[in-house]
Amino acid sequence: MYVEKIRKHPMARALRICKITASILEETIKTYVKDEHEEKIPVLKMIQTSMADLYHRAVTLKDIMKAQDKKGIFNIRVVKGESYIGGGAYPGIGLGTYMLSVKSGYSPSKVEKLFRTYIVPVIARVHEDEVLLDLRTVFEQEFTIIKQAFQRVIKEMPRVKYERN
């Protein structure tokens, strides 16, 4: 009864979902039915990552980046912080995380822009005079991308003068 009313309603055509959306929704539902959602949905995996795992990632990435900075231009250290999940069911809810703080005598906004405009964008945030990489949103298989983006930052930095935000 209601299905026919909905089908005949003038907005039905405008609001129907396309085959791609239906397929994505179907695959998402399947991961929940098979109880694989915690492993296969990246956001859930990020939310559930333990602080110990985040710290291990942070130390590993710090060592990789320090090895690239042969001139010691950057002060790279592991710091505690908060990740914010976003809207929906968790607006403004913070989760503890570990981040890499990347500081130098160069403009933090320029360093962040070089990361963000790399071939594969590396998303960081600027806080005061440091660039922060949140390890809750970085998987270990992405370390190579960050290493390459950091090599670009190192290469480009002598051309950029310091500008306070």
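Student: Is Phe-150 buried or exposed?

Tutor: Buried means under 20% relative accessible area, exposed over 50%, and partly exposed in between, with a 1.4 Å probe and protein chains only. Phe-150 has a relative accessible area of 0% and is buried. Phe-115 is likewise buried, at 0%. This is a predicted model, in which local features need pLDDT of at least 70 and side-chain atom pairs count only at pLDDT 80 or more, while totals for chains, interfaces and linings use all residues. Residues are numbered from 1 along each chain as its sequence is written, and side-chain values use heavy atoms, with hydrogens and water left out.

Student: How many aromatic pairs are there?

Tutor: Rings of Phe, Tyr and Trp (its six-membered ring) pair if their centres lie within 6.5 Å; planes under 30 degrees apart count as stacked, over 60 as edge-to-face and the rest as tilted. The count here is 3 aromatic pairs. One of them joins Tyr-55 and Tyr-98, edge-to-face, with 5.0 Å from centre to centre and 70° between the planes.

Student: Which parts does the pair of Tyr-55 and Tyr-98 tie together?

Tutor: Helices (H or I, at least four residues) and strands (E, at least two) are DSSP runs, numbered from the N terminus. Tyr-55 belongs to helix α6 (residues 51-68) and Tyr-98 to strand β2 (residues 94-103), so their pair ties together parts 43 residues apart in sequence. Tyr-55 is partly exposed at 43% relative accessible area, whereas Tyr-98 counts as buried at 15%.

Student: Why is the pair of Phe-115 and Phe-150 stacked?

Tutor: The ring centres of Phe-115 and Phe-150 are 6.3 Å apart and their planes lie at 10°, so the pair is stacked. Phe-115 is in helix α7 (residues 108-116) and Phe-150 in helix α8 (residues 143-156), so this pair ties together parts 35 residues apart in sequence. With Phe-74, these two residues form one aromatic cluster.

Student: What lines the largest cavity?

Tutor: On a 1 Å grid over the protein atoms alone, a cavity is a set of points where a 1.4 Å probe fits but cannot get out; lining residues have an atom within 4 Å of a point. Among the lining residues of the largest cavity are Val-102, Tyr-106, Pro-108 and Asp-129. The elements that give two or more residues to this lining are β2 and α7.

Definitions and conventions
On a 1 Å grid over the protein atoms alone, a cavity is a set of points where a 1.4 Å probe fits but cannot get out, and a pocket is an open set with protein on both sides within 12 Å along at least five of seven lines; lining residues have an atom within 4 Å of a point.
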